[in-house]
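Me: I would like to learn how to read the features of a protein model one by one, with the general idea first and the particular case after it. Could you take me through one?

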Amino acid sequence: MISYARQNPEAPPDATSHPVDDHIAPAPRVSVQAFCETVETAAAVQSGGEDRRLGKAHLKIQMGGMAAAIEAYRTAPTPNVIILETEGRSDILAGLDQLATVCDAGTRVVVIGRVNDVTLYRELVRRGVSDYVISPVNALDVVRSICGLFSAPEAKAVGRIIAIVGAKGGVGASTIAHNVAWAIARDLALDSVVADLDLAFGTAGLDYNQDPPQGIADAVFSPDRIDTAFIDRLLSKCTDHLSLLAAPATLERVYDFGADAFDSIFDTLRSTMPCIVLDVPHQWSGWTKRALVGADDILIVAAPDLANLRNTKNIYDLLKASRPNDRTPLYCLNQVGVPKRPEINASEFAKAIESQPVVTIPFDPQIFGSAANNGQMIAEISASHRTTEMFLQIAQRLTGRGETKKPRGSFLSPLIEKLRAK
């Protein structure tokens, strides 16, 4: 049952030491069996199993702890992962020695215990335990431990998926998605890809002034061919750090998909790109819901009217409930301040949704219209425009990263540099 253990065996992990919003890569299709001593731990494991990142894992929970596990595997093969809760100290090592006699090679073992002791932890590592988690545990501890078993430190970091969707059609969600992706790539220097999921009417190709012969349709209609090399061939390079998986934007086909149609595409993109921005069309189907729930971070784009307020609240509440261990979705208001149009202000939105908008983007038809018609980003037309800074704010919030580019120098910078040289 030897697998891999934490890289710092000097001290056992502390279940409370991780931030709630740290990035946890999803687990692959594995079987997990938990043997719990307490109903509290069983409930935490059950709740963790419902998390989106364990959506592919098959989880089974039994009571009885170590003794039940040893008895169960005398006559049955062991799963990919065994979770063992133990109440005492003396029985842990003896129990693991017994379990080793019936445990298949390659099975990974996670122990949940109450003893916070370096010597014990070293002994567990020596016996091949993959992780030791101090109880009491919560759902996120379980998710982090299981997923961590399949994210070796030497492996390339798994990409973060950001989904951007409009609360209503025509609110400019795609425009914001493309400009935010541009800010992530340019200002945060993070290699990114935009996946245009509106296969019939997508505008990413137009906005980036790209007309690639292949794109996301070639992948979704050829699921058996999907691998890293195949996806790489479909990507269109927009800048040094930004690529595009374009939509065909043709009506030659009917784009009816099953709920899991994009899963293999997203999994492959995760393995090759640090950041994936999904431009999700405004529709409600199995696959759009799955894409939103499965994303690491979400931005809802809304215009300041009643229908948008209702839809934003519905989407926000559903995603918050479906992703209890993730950061809550963000939302922004767009096209604010249209002349003579009655609007619902940001404070009313915040009161109804119980969350403040990340930014409020003013209505500016001149610059947005010019950008759309020229196939440019707002930052390309006017780097100092106020919305350019807003897109960077959104990018920073969605990625959890600060600005990495050097701040623009003042007109005194050359003089200061000369003085320093002297």
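The dialogue that follows goes through strands, helices, backbone geometry and cores in turn.

Reply: Please keep in mind throughout that this is a predicted model.

Me: In which order do the strands of the open sheet of 8 strands lie, and what is its pairing?

Reply: The general idea is that in a regular strand the side chains alternate between the two faces of the sheet. Here the order across the open sheet of 8 strands is β8-β9-β7-β10-β6-β11-β12-β13, and the pairing is mixed. The edges are formed by β8 (236–237) and β13 (360–362), and because each has a single partner strand, one side of each is left without a neighbour in the sheet.

Me: Which strand pairs with β6 over 5 bridges, and in which sense?

Reply: Strand β6, residues 160–166, is paired over 5 bridges with strand β11, residues 297–302, and the sense is parallel. Across β6, β10 (275–280) and β11 lies helix α11, residues 286–294, which runs at about 145 degrees to β10.

Me: How many residues of helix α10 are buried, and which are they?

Reply: The general idea is that an α-helix has 3.6 residues a turn, so residues three or four places apart point the same way. Helix α10 (residues 263–272) is mostly covered, with 7 of its 10 residues buried, and these are Asp263, Ile265, Phe266, Thr268, Leu269, Arg270 and Thr272.

Me: Where should I look for the cis peptide bond and for residues with a positive phi that are not glycines?

Reply: The peptide bond from serine 135 to proline 136 is cis, its omega being near 5 degrees, and proline 136 sits in the loop between β5 (131–134) and α5 (139–148). Alanine 189, although not a glycine, has a positive phi of about 50 degrees; it belongs to the loop between α6 (173–186) and β7 (192–196), and its relative accessibility of 41% makes it count as partly exposed. Asparagine 209, likewise not a glycine, has a positive phi of about 55 degrees and is placed in the loop between α7 (204–207) and α8 (216–220), where, at 60% relative accessibility, asparagine 209 counts as exposed.

Me: Which residues touch the most other members of the largest nonpolar core?

Reply: In soluble globular proteins, nonpolar side chains tend to be buried together. The largest nonpolar core has 47 residues, of which Leu197, Leu245, Phe262, Ile265 and Leu278 touch the most other members. Leaving aside residues up to four places away in sequence, leucine 278 touches Ile161, Ile162, Ala163, Ile164, Ala195, Leu197, Phe266 and Ala291. Apart from this core lies another, of 42 residues, including Cys275, Val277, Leu392 and Leu398.

Notes: Residues numbered from 1 in each chain as written. Predicted model: local features only at pLDDT ≥ 70, side-chain atom pairs only at ≥ 80, totals over all residues. Heavy atoms only, no water. Pairing = 2+ DSSP bridges. Helix = DSSP H or I, 4+ residues; strand = E, 2+ residues; numbered from the N terminus. Contact = heavy atoms within 4.5 Å. Axes fitted to C-alpha atoms, helices over the stretch in contact; angles between N-to-C directions. Buried < 20%, exposed > 50% of the residue type's maximum accessible area, 1.4 Å probe, protein only. Core = buried A, V, L, I, M, F, W, Y, C linked by side-chain atoms within 4.5 Å.
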